[in-house]
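Dear colleague,

I am passing on the structure below, together with notes on what I found in it. Please read the notes beside the coordinates.

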Amino acid sequence: MNRPRRRIRLGAFYPGTNSTAVWSDPAWHDYMEFGSFVHLARTAEHAGFDFFFLAEALRLREQHGRVYERDVAGRPDNVTMLAALAAVTEHIGLVATVNSTFNEPYEVARQFATLDQLTCGRAGWNVVTSWERFVGENFRRGGFLAQEQRYERARLFLDAALGLMRSWRPGDVVADRRAGRFLRDPRAGAFEHHDAQFDIAGRFNVPCGPQGVPVIFQAGGSEQGREFAAATADVIFGMYSDTAEKKRFYADVKARLPRYGRTADSLLVMPASTFALGETEAEAQEAARVVRRLQIDGASAIRFLEQLWNRDLSGYDPEGPLPAIDPALDADGVASRLASVRHYPDRMATAAQWRALAEAGKLSIRDLVIEVTGRQTFIGTPASVAAQMAELVDQDACDGFVMVPHLVPGGLDEFADNVLPLLQERGLVRTGYEGATLRENLGLPACDPTFTVRRATFAEP
Amino acid sequence: MAHDTPPLHLAVALDGAGRHPASWRDPSAAAGELFTPGYWTALVAEAQSGTLDFVTFEDRLTLQSTRPDGPDGRADQVRGTLAALPLAARTAPATSHVGLVPAVTVTHTEPFHTSRAVATLDFVAGGRAGWCAQVARRPEEAGHFDPRLRPAGEPTGPAEAWAEAADYVEVVRRLWDSWEDDAEIRDPATGRYLDADRLHRVGFRGRWFSVEGPSVTPRPPQGQPPVCALADTEEALRFAAASADVVFVTPHSPQEARDLVARVREEQRAVDRAGETVHVFADLAVALDAEPGQAARRLAALDALDASPPDDGAALFAGTPAQLADRLALWADAGLTGFRLRPVVLPYDLRQITRSLVQLLRARGAFRADYEASTLRGLLGLARPANRYARTDWRSS
């Protein structure tokens with residue numbers, strides 16, 4: 001088989017929505033300082049990354065009725081931050097996670113149409129939903145969404161928001177001074193959208209940016225999530241650590257695309273990936289171990305276990321064995337207020353797995369949590385990490401990676417300095433941006449095949 | 001005259017190609033660039049070159065229209081408005097001192113999101129953010145939002161809309177304070193990144209919404225970025241006097257200015273804010289040319305193209321920069337603390353402000369020669385406020 005090796009797509013994640021971040025490191029700088037965001041975004045751009053990515057959390061996590069103190073917390077508003085970063089970067093895509101539960105399509109469509117204008121076509125949107133009542137307490141409607149409705153909400157929200165953005169076509173603003181014609185079509189922006197979630201009509205008021213609509217990102221690992229991504233997304237993360245699982249996931253989501261009239265290259269699989277580097281393999285393994293121990297201290301391990309056990313486990317010794325007591329199954333237990341990123345469909349089954357794992361490896365609570373929360377995706381010398389990355393893409397396990405550093409703002413420096421040149425030498429990562437827009441740089445099909453201009457036809461008053 | 005009055009504060013309102021409906025057809029306008037970042041960055045940099053206090057970015061949740069009851073189907077005027085908050089943020093890294101004040105419509109948005117977006121603007125602009133609270137005024141706006149967004153229904157009129165705005169500003173302000181300045185402790189010894197005792201639920205329960213908090217964004221650099229509001233109706237004025245730091249009024253004579261300032265002060269007293277600094281700026285649309293008569297001729301040419309009346313309530317001034325300097329001094333005597341000028345054509349009339357008017361005011365000692373502060377609150381003479389939730393007694397003991 002002599003096919004050309006495929007280019008690796010790369011995203012850069014600004015850490016800090018989970019325990020990946022190691023804020024106790026002396027190299028950690030002020031998280032909210034604009035300069036920290038600038039540093040990481042520029043590092044990624046100089047290294048030829050496709051995009052810079054911001055996650056989102058809409059409520060501070062709590063434990064036992066108090067704000068959880070041990071993780072990095074305190075985040076910017078994503079679209080506002082990326083609009084500012086647009087001024088200090090030139091090429092890199094800027095991707096904002098924006099929730100579809102506690103927002104309205106008109107507002108989000110305005111934000112992304114504006115961001116695409118302000119970035120000259122570099123905007124991306126990671127569409128997420130939340131159904132937790134706990135998060136809803138910060139918003140007008142409260143926690144209105146049932147968990148099983150979350151994909152419907154996301155799908156209809158995306159449909160509505162993209163419809164709004166497509167209510168303007170490229171070239172609608174002609175601004176012909178002599179002819180006195182500002183708009184080509186006086187009906188620009190007319191829209192109508194009626195479904196189970198949205199009942200809206202009128203005129204959208206932001207002309208579309210260079211991309212028309214932003215590049216759409218999806219997390220979706222579940223059956224519904226995969227189908228949603230196959231129908232609508234340009235990039236899906238996938239969250240599998242094992243290579244065989246990665247390949248199965250890759251094949252599965254790509255196989256779903258033809259049903260929606262889409263080709264395999266129209267949806268990119270880019271799992272979030274962590275890394276630990278060293279001058280030798282042994283050094284890298286040691287660096288990886290040290291970081292994992294810093295990421296999961298005793299208290300973090302107990303808190304992590306409480307998410308599954310759904311009980312107050314503060315009396316347990318993190319260096320001791322797992323609780324003998326079973327997880328609580330009531331909906332209003334400890335876990336319901338943790339606003340955690342993880343959810344367990346079958347608590348008993350997962351607990352049984354973890355117990356077996358702990359018994360087999362003689363693991364303490366902390367060891368077990370370190371084990372089940374996964375080691376770094378890539379550990380090794382720069383050459384070996386570059387080879388591992390290239391191999392995964394070559395084997396159709398993914399199309400690229402969203403790199404998650406554990407430090408702000410310098411967490412990508414070592415990777416950019418030492419691994420990237422090796423990937424560039426092999427022609428797997430760009431040395432200069434070939435396109436003007438994020439869509440072009442990701443190598444996505446030039447025109448979204450589902451793109452049709454939908455303009456409501458109601459008469460002007 | 002100028003020597004015994006305090007220096008003026010000056011802001012400019014940025015919207016499309018300028019305040020005149022035909023401004024985009026002026027030969028100096030950049031009509032094809034209204035949705036590009038470079039256009040806005042250049043305007044804000046120009047404002048900063050004149051050491052202006054701040055710029056406001058207009059925003060709306062409808063398409064512009066000359067009809068009061070819905071879209072007008074016209075294609076011969078500027079249509080389309082970039083979202084003001086990200087637009088303001090886009091101009092922040094390219095500027096260093098001028099304040100950035102985007103408008104936010106409160107009626108169909110989430111106070112939680114607005115609070116953290118303005119706080120983020122304050123972070124990226126190093127303490128130069130403010131925002132201008134406004135309510136939905138056009139009937140078609142409600143149709144752009146799903147009715148279920150508002151479980152308590154739509155406000156039935158301006159009084160209710162402004163009452164909701166007052167709740168909204170209260171929530172935004174509480175959320176800014178929901179993190180004490182030193183809540184992020186980063187203490188490796190105890191493994192604590194935060195001190196939960198320095199984070200506060202805001203627990204707001206109101207008729208229109210309830211918000212629990214705390215915010216997910218730390219307290220912004222200014223603590224409380226200034227809140228602005230246009231008081232062009234009685235209901236808006238009551239809201240502004242009770243909730244805002246900068247009130248824009250729309251007098252058409254010095255006497256009206258005097259009356260409006262008195263009304264604001266009266267309302268301030270009514271809500272126990274008499275001791276607080278509340279600026280009252282007059283909005284004034286301006287067309288400026290050094291040659292006498294030229295501004296009026298320019299205006300007449302624009303009117304000949306499109307005579308639709310603007311709906312912002314501002315009085316219109318056409319004349320020389322020197323005449324405008326006199327006018328501002330005269331009106332300032334009515335008790336105004338500053339002006340928000342609405343350039344009739346952008347960037348032309350903005351340049352007249354920054355390059356001529358400002359020089360004349362400086363020569364009279366009526367305007368700053370250089371920025372005296374690096375934050376917007378600093379420029380407006382507002383101290384950084386204490387946090388309403390911070391306890392000062394227990395930590396030292």
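Which residues does Phe52(A) touch, not counting residues up to four places away in sequence? They are Ala12(A), Ala41(A), Ala44(A), Leu85(A), Ile92(A), Leu94(A) and Val95(A), where two residues are in contact if their C-beta atoms, placed from the backbone, lie within 7 Å.

Before going further, please note that this is a predicted model, in which local features need pLDDT of at least 70 and side-chain atom pairs count only at pLDDT 80 or more, while totals for chains, interfaces and linings use all residues. Residues are numbered from 1 along each chain as its sequence is written, and chains are lettered from A and ligands numbered from 1 in the order in which they are written. Chain A averages a pLDDT (the predictor's confidence in each residue, from 0 to 100) of 91, and 93% of the residues score at least 70. Over residues 449-461 of chain A, however, pLDDT stays under 50, and the model has 21 contacts beyond four places in sequence for them. Where pLDDT is low, the predicted coordinates should not be read in detail.

Of its 253 residues, Phe52(A), Val55(B), Leu121(B), Ala229(B) and Val247(B) touch the most other members. Helix α4 (residues 158-177) of chain B gives the most to this core, with nine residues; helices (H or I, at least four residues) and strands (E, at least two) are DSSP runs, numbered from the N terminus. Apart from this core lies another, of 15 residues, among them Ala301(A), Phe304(A), Leu368(A) and Val369(A).

Turning to the interface, 65 residues of chain A are in contact with 72 residues of chain B. The largest share of the side of chain A that touches chain B, eight residues, comes from α3(A).

β7(A) and β8(A) run antiparallel and are joined by two bridges (two strands pair if DSSP finds at least two bridges between them), and Val173(A) has Leu183(A) as its bridge partner in β8(A). The two strands form a hairpin with four residues between them, and Gly180(A) in the turn has a positive phi of about 70°.

In chain B, six of the six residues of strand β1 (residues 9-14) are buried, so β1(B) is largely enclosed by the rest of the structure. β1(B) pairs in the parallel sense over four bridges with strand β13 (residues 338-343) of chain B, where Val12(B) stands opposite Leu341(B). Strand β2 (residues 54-57) of chain B also pairs with β1(B) in the parallel sense over four bridges, with Ala11(B) opposite Phe54(B).

With best regards

Notes:
A nonpolar core is a set of buried Ala, Val, Leu, Ile, Met, Phe, Trp, Tyr and Cys residues joined through C-beta atoms within 7 Å. A residue is buried if 20 or more other C-beta atoms lie within 10 Å of its own, exposed if 12 or fewer, and partly exposed in between; C-beta atoms are placed from the backbone.
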